[in-house]
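I opened my notebook to record what I looked up in this structure, entry by entry.

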Amino acid sequence: MGYNSVFKDALFEGSVVIITGGGSGIGRCTAHELSALGATVAIVGRSSEKLEKVASEIIAEGGKVSWYVCDIREEKQVVETIELVLAQHGKINGLVNNAGGQYRQPLKDISTKGFEAVVRNNLTGGFIFMREVYNRWMREHGGEIVNIIADIWNGWPNYAHSGAARAGMWSLTETAASEWAPAGVRVNAVGVGGVASSGFDTYTPEAQQEILKFPKRIPAQRYGTVSEISAAITFLLSPAAAFISGSCVRVDGAAPNARVCYMDLEEHSKSKPFHGFHLDEQPRLLTEGIKAK
């Protein structure tokens, strides 16, 4: 059994797509879906072990993949990685700016160093990748860029550093969509809500306690799946989205629309998740509970 995509076979045949943060979570899932649809995926991340594992999974299923160890925060490494992709594959049709991460901490306690580190991871690194892919290939040949942001619309208490960075990435997306349109480049974003992925297991026990409360706080009353994020990314990269640029597809179970001051959320189980990724595994937090660190 392969990836259960809702998109047609060979949709991306002949395309080369870079996916940052491709060694786990949303990036891993997206790499599998695009590969299953014919793309050559170039997965990027900091862990060679994770990248090798994902690459071996894709190769085992007949897909085309290459992998590159790169810290997106380091400009020299980004430039070298893009040059390697071009040398190996000859083109870059798409970029999925997915790498990022954050930790839970009240705004008053965030150090300047910590703030800058999260901004560099979630905004500056994505900017460098966008700029270099554009200047080295897409300016002359066109292409599609999808930036992964988050549910930032009403602020993000306890994650102010990441909220600021993701808001910056959203503004950057809108700006690039305008400036780069004459080159045939489309730039969009996917706003990710609470998605059950391996990232859950990286948080502290205190933060995990809050994660477990999440479903009851949103209209959909559940976590999202990595397949649901990947489907949005795939659509925005596809020809069907040819007239969509400078937009954000929210995949968040209507989280920003819950106005608890006006209404109580009704508990239900009517929102059925889409599971397209046959190799997906639930985070340990949801199967084993919180582990002391």
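**Entry 1: the annotated stretch**

I looked up residues 15-173 and found that the chain there is 53% helix and 18% strand, with the end C-alpha atoms 22 Å apart. For helices I took DSSP runs of H or I with at least four residues, and for strands runs of E with at least two, numbered from the N terminus. UniProt lists this stretch as "domain: Ketoreductase" in an unreviewed entry, and such annotations may be inferred rather than shown by experiment.

I noted that this is a predicted model, in which local features need pLDDT of at least 70 and side-chain atom pairs count only at pLDDT 80 or more, while totals for chains, interfaces and linings use all residues. Residues are numbered from 1 along each chain as its sequence is written, and side-chain values use heavy atoms, with hydrogens and water left out.

**Entry 2: the sheet**

I traced an open sheet of 7 strands in the order β3-β2-β1-β4-β5-β6-β7, with parallel pairing, where two strands pair if DSSP finds at least two bridges between them. Because β3 (64-69) and β7 (248-251) each have a single partner strand, one side of each is left without a neighbour in the sheet. Neighbouring strands are turned by 15° against each other on average, direction ignored. I also checked β1 (residues 16-20) against β4 (residues 94-97), which pair in the parallel sense over 3 bridges, and there V17 stands opposite G94.

**Entry 3: helices on the sheet**

I saw that helix α4 (residues 112-141) lies across β1, β2, β4, β5 (143-150) and β6, running at about 175° to β4; the axes are lines fitted to C-alpha atoms, for helices over the stretch in contact (heavy atoms within 4.5 Å), and angles run from 0 to 180 degrees between N-to-C directions.

**Entry 4: the interior**

Which residues have the most contacts inside the largest nonpolar core? I found L34, V41, V190, I233 and L237, in a core of 32 residues; a nonpolar core is a set of buried Ala, Val, Leu, Ile, Met, Phe, Trp, Tyr and Cys residues joined through side-chain atoms within 4.5 Å, and buried means under 20% relative accessible area (1.4 Å probe, protein chains only). Helix α7 gives the largest share of this core, 7 residues.

**Entry 5: a loop residue**

I located T225 in the loop between α6 (205-213) and α7, and T225 is buried, with a relative accessible area of 6%. Not counting residues up to four places away in sequence, T225 touches V195, P273, F274 and H275.

Notes. Buried means under 20% relative accessible area, exposed over 50%, partly exposed in between (1.4 Å probe, protein chains only).
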